[in-house]
Amino acid sequence: CQTERSLRHAIAERLSVCLVINKVDRLITELKLPPTDAYHKIRHILEELNTVIESCGQDIPLFDPVAGNVLFASATAGWSFTLQSFARLYTEVHQIPIEVDAFAKRLWGDMYYNDS
């Protein structure tokens, strides 16, 4: 696939890489995926690409939203964000006095809110 070829080429050239996952809005609007399914779909994409990085045998950081090298986007809707930028915006808009980096780390992974 073209993404894999481009990634292998960037690694061979020793370029810094980041991942933009575009069309995230379609997971909700068209596929109508519940949040857990959308998360697992995106996580699968990351696992596949990280397998490519690992197979190259070089010391390159893996794609990890918590590390800030993954952006979520919708080009048609005109938005993109990292976990860090989303956490910063959310805390500012809702005036929540919490550590942005700690909050950003909680936005990714198998963590669930239980209101009981």
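**View 1. The second largest pocket has a volume of about 200 Å³.** Quick heads-up: this is a predicted model, where local features need pLDDT of at least 70, side-chain atom pairs count only at pLDDT 80 or more, and totals for chains, interfaces and linings use all residues. Residues are numbered from 1 along each chain as its sequence is written, and side-chain values use heavy atoms, with hydrogens and water left out. A pocket here is an open set of points on a 1 Å grid over the protein atoms alone, where a 1.4 Å probe fits and protein lies on both sides within 12 Å along at least five of seven lines. Grid points are joined across faces, edges and corners, and the volume is the space filled by probe spheres set on them.

**View 2. Here's the lining of the second largest pocket.** Lining residues have an atom within 4 Å of a point; among them are C1, L19, I45 and V52. Helices (H or I, at least four residues) and strands (E, at least two) are DSSP runs numbered from the N terminus.

**View 3. Now for the largest pocket, with a volume of about 590 Å³.** It has 21 lining residues, and P35, A38, Y39, L107 and W108 sit closest to its centre. α2 (24-29), α3 (35-55), β3 (79-81) and α4 (83-93) each give two or more residues to this lining.
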